[in-house]
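Please look through the sequence and the structure shown here before reading on. The paragraphs that follow lead through the chain, its domains and its ligand.

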Amino acid sequence: MTSSDRLAPADDLDVEALRARYRAERDKRLRTDADRQYHELSGDFARYAEEDPYVEPGFTRAPLTDFVEVAVIGGGFSGMLAAARLKEKGVTDLRIIEAGGDFGGTWYWNRYPGAQCDIESYCYLPLLEELGYLPKEKYSYVTEIYEHCQRIGKHYGLYDLTLFQTRVSELAWDDTERCWIIRTNRGDAMRARFVVSALGTASRAKLPGIPGIDSFEGHSFHTSRWDYGYTGGDTTGNLWKLEDKTVAIIGTGATAIQCIPALGRHAKKLYVFQRTPSSVDTRSNKPTDPEWAKTLQPGWQRARRHNFADIIEGRPFDDDLVNDNWTSIFREVQSFVVRNAKTIGPEAAMAHAELADFRKMNAIRQRVDETVADKETAEKLKPWYRQFCKRPTFNDEYLPTFNRPNVKLVDVSESKGVERITPKGLVANGREYEVDCIVYASGFEITTSFKRRVGFDIKGRGGQKLHDYWADGYKTLHGFASHGFPNWFYIGVSQNGLSVNMTAMFDDQAQHIAYIIAEAKARGVSEVEPTPEAQDGWVSTIKKLSVVNRAYLESCTPGYYNNEGDVSGGQAGQTYAPGINAFNALLADWRGEGALRGLSLRP
Ligand code: NDP
């Protein structure tokens, strides 16, 4: 039974009591240092960003100073899609520069046990039709996703044109040679006419700024650099080396939800340090039905992604093709507001959405009661906030893990986080917990400043730094390009249509960028960049359409969605509010005109 099957009747809701509880739980966690509470990786912890546990040490190669037509920075899904789509357009003088030892990006680095994509695989894994591949299950685990990255690399001949184990340290436009100079940690100073930055949205780990974090004398690692040498086992679990170890995990977000079941199964003792519980709905994974596979017609993946986005963005749809707990949340909680705001008025629509949200979250909390035997633990595991204050999670093994005698939940909400780390362990609620190992499931730089997320300078014409230029908000045409940064394109989340199904979003962006670069080449253009007028126009379109619900965000428990409670900062309201399908239609029309409108083209 899914949570959506057991919605409580409206008259069961004590709206005022629920609102008061949500407020109290938020206030308890609100910190004045907001997102400054997190540490950038430095000192000994820099290894979480720089070390690669998946390659043999000692790799060297001679520095490069050569020239390519297009350099793609990043070999995750977005970079691979950019290269693949460019090749399809006949642009073959390409190079991918990737920090890891293989393709995959997030799925290369995040190989913690239980890692799985929580978006349906038939929508998430790109290029399924192009490669004639169908995922094994409705929700793919990391091994299958990583293999799919390699499949794309082989199919599109990307291995031969990729520099692995190479981290970019600076991008600078050279106005004399009219190309980009790309410096790296390998001593390279390569040149490229065009650069596509495909840097990923969660690629830099962050750490909680817990006092004493440097003093711990035991073992520790971040989930994005899982240390199987220490734990034993692999992505499927079997962490046999933990059988005599006491382990602490800090964090209970989307990552922790997936790896805690394996830690619980294998550690002698596991302490889960929780500041805010996640909303955990059912997963109900299942093998791909071969009979269904036979019914798929050409174009099915694009149609499915489109249908998924229609539901999520509250547009009319005939059938819910994905039909899972993502789509059910949006159907129940969000779609009504979007569809009916015009007829019943925004206030009535919002009130309705709040009731739907309370019902949904009541069902999520009820699931905790039904699953976790110890009443005190169950109470602590219940999320008291609205569904979209934090990323919803889906897992069938997480909650039952707390019925194991070796697993203990440590609530650190009163102290707004773990109080202190000592040489021997962690202090919470006045007690020291001695542990052999600390696992940091503390997330990534997702909404912090562009410089902090990217980690290197991008210098455009006249040495202008992109992070200065974007310091008070993105300035782009369609989210891809900025005036003063010729021949530079960005794939990611900026002033474009946003989707929870990131790879679909990346693919549409990749196709658009490939079109512009191919057209520029065909028209003999050496430099392309937005005109200031077109860029200003797009920035004001984004602002005009912005529908940031400030009151909603302010009422949320802190997290990266609301800039840790400081809604005056962060990136809310910078994406294209009508959504991904509307954005793609707009770009398709723009391409259809064939005029490259808003771009200045220099021969
Ligand atoms: P999150 O940022 O979501 O979670 C970090 C966790 O660390 C939170 O539980 C946070 O608590 C906790 N924390 C931070 N500081 C402290 C502290 N001082 N003391 C105690 N606890 C602390 O990171 P994740 O890695 O879980 O997820 C990041 C994102 O990655 C997801 O939101 C999602 O976008 C993506 N992801 C996607 C998956 C997929 O299936 N597609 C799977 C996994 C991740 P609090 O909540 O109180 O801040």
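Predicted model: local features only at pLDDT ≥ 70, side-chain atom pairs only at ≥ 80, totals over all residues.

Which side chain meets that of Asp-508 in a salt bridge? The partner is Arg-302, with N and O separated by 2.5 Å.

The domain assignment divides the chain into domain 1 (36–41 + 206–278 + 390–440), domain 2 (67–204 + 446–602) and domain 3 (302–383).

Consider next how domain 2 and domain 3 are placed. Their C-alpha centres lie 29 Å apart. To the contact, domain 2 gives 26 residues and domain 3 gives 15 residues. The size of an interface is often given as the accessible area lost when the parts come together. For domain 2 and domain 3 this buried area is about 1,500 Å², and carbon and sulfur atoms account for 47% of it. On the side of domain 2, Cys-123, Val-500 and Asn-581 lose the most area to domain 3; together they make up 35% of what that side buries.

The interface also contains polar and charged pairs. Between domain 2 and domain 3 there are three salt bridges, and 10 residue pairs are in polar contact across the interface. On the side of domain 2 that touches domain 3, the elements that give two or more residues are α5 (121–124), α18 (502–522) and α21 (580–593). The largest share comes from α18, with five residues. Sorted by class, this side of domain 2 has 14 nonpolar residues, six polar residues and six charged residues.

Attention now turns to the ligand. There are 27 residues around the ligand, and those that come nearest are Asp-118, Thr-255, Thr-276, Lys-390 and Tyr-560. For Gln-116, a backbone N or O atom is 3.0 Å from a ligand oxygen. For Arg-275, the side chain supplies the N or O atom, at 2.8 Å. For Ala-441, a polar backbone atom is 3.4 Å from an oxygen of the ligand.

Finally, the structure as a whole holds 43 salt bridges. One of them joins Arg-61 and Asp-188, whose closest N and O atoms are 2.7 Å apart. This pair links distant parts of the chain, 127 residues apart. Arg-61 is in the loop between α2 (47–50) and β2 (67–73), while Asp-188 is in the loop between β6 (179–184) and β7 (189–197).

Conventions:
Residues numbered from 1 in each chain as written. Heavy atoms only, no water. Domains from an automatic or database assignment. Contact = heavy atoms within 4.5 Å. Buried area = accessible area lost by both parts, 1.4 Å probe. Salt bridge = Lys/Arg side-chain N within 4 Å of Asp/Glu carboxyl O. Polar contact = N/O pair within 3.5 Å; in protein donor to acceptor, adjacent residues only side chain to side chain. Helix = DSSP H or I, 4+ residues; strand = E, 2+ residues; numbered from the N terminus. Nonpolar A, V, L, I, M, F, W, Y, C, P; charged D, E, K, R; others polar. Near = heavy atom within 4 Å.
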